[in-house]
Amino acid sequence: MKKIFSTLLIAAAVLSASAQVRWHSADNLPLIGKAVDDASTSKRYQRIPDSLLNKIRGGALAGLGRNSAGMALRFAAKTGRIDIRWHSPFKTLMNHQTPTGSRGLDLYTLMPDGTWTFVNSARPNVSNHHSEANVIANMDPVEREYLLYLPLYDGVDSLYIGLDADASMLQPSDALHAGRPIVMYGTSILQGGCANRAGMAHSNILARRLNREVINLGFSGNGQLDLEIARVIAAIPDPALIVLDFVPNVNEHQIETLMIPFFEIIRKAHPDVPVLFIEDPQFTHSRFDKAMDSEVSTRNAMMKERYQRLAAKYGNLHYLANDHIFGTDNEATVDGIHFTDLGFMRYADLLEPIIRRIALPAEIK
């Protein structure tokens, strides 16, 4: 009898909590970080057009193109609680990244001083594709602006935001994230491997600090200078800066044959936009793995030679060597290659002043 009574109490509590929440579809909320028009994708939270999903190297980006890395939703609300309900297409789990990082969502709010601060994460259900999480409760129900980062290594097929039953979803300010976007192309590190949560990928850290849309075109293991992706970048209207951070994923032949054509597709469309080339980091274990050390040094030397060739012909090109990209203490990766949150913070600290100097000089403080 006690067991039945306890079960009834739990059920009543669940029903009571559910009655306090009204669910709002995120379909019409402002979305930042998407490189292509919604009309070109069958899924809203998709990074490349449907037409390219199976075209690039036999479908190499079919899944990665549907990962939602770098995308975020903007909304405002006057509510005491926020819940998230979402469906993940891939149910991604990896042995070197937390599920909250690969499949979870991160909520930030705008503070009175104009900075974004972390509220909490929506942790995924690791056993199936459907997840529901209370992110925050017991807030003073004052109007706030929110930024909701989507998963880094999975995607989103549907997403609902739960607010107080009497609260409404409000339009966010147009003044935020309104500047020319920054476009970043690269590898698993750019995609967010292996941040503990979505907001800690360096592209997202930079977006908050710069208060600007950052488009993340990082494809895990597949930043391989596909010319189709160069055309996607070329079609992005009026970027402030293009960052090319592909070296960890390419071999010597790809650098030799694809680097210059990839750049020239972009440069033809954006003749005056600054472009920043970034070397392959000197990974922590390469001080012991001599084959890795030689491989990194060779690829970087090849890229630098071609960069110098391009710089002699085109203006507004910039280069970042691999010195101290994530510090000097060997403590900023999870596996010698992919960054921890410490590594991403250090990388953002390195890139922020460079980006301000070459692309946003009017905003230098």
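Are tyrosine 108 and tyrosine 149 buried or exposed? In this predicted model, tyrosine 108 is buried, and tyrosine 149 is buried as well.

These residues belong to the aromatic contacts of the chain. A pair of aromatic rings is described by the distance of the centres and the angle of the planes. With ring centres required to lie within 6.5 Å, the count comes to eleven aromatic pairs. For tyrosine 108 and tyrosine 149, the centres are 5.6 Å apart and the planes stand at 85 degrees; planes over 60 degrees apart count as edge-to-face, so this pair is edge-to-face.

Because phenylalanine 277 lies in strand E14 (residues 275-278) and tyrosine 307 in helix H8 (residues 290-311), the pair ties together parts that are 30 residues apart in sequence. Phenylalanine 277 has 0% relative accessibility and therefore counts as buried; tyrosine 307, at 12%, counts as buried too, because the cut-off is under 20%. Both residues belong to one aromatic cluster, formed by Phe263, Phe277, Tyr307, Tyr314 and Tyr319.

Aromatic rings also meet charged side chains. Arginine 85 lies over the face of tryptophan 23, at 4.0 Å from the ring centre. Over the ring of phenylalanine 118 sits the charged end of arginine 197, 3.6 Å from the centre of that ring.

Definitions and conventions. Residues numbered from 1 in each chain as written. Predicted model: local features only at pLDDT ≥ 70, side-chain atom pairs only at ≥ 80, totals over all residues. Heavy atoms only, no water. Phe/Tyr/Trp six-rings, centres within 6.5 Å; stacked < 30°, edge-to-face > 60°. Buried < 20%, exposed > 50% of the residue type's maximum accessible area, 1.4 Å probe, protein only. Helix = DSSP H or I, 4+ residues; strand = E, 2+ residues; numbered from the N terminus. Lys NZ or Arg CZ within 6 Å of the ring centre and 35° of its normal.
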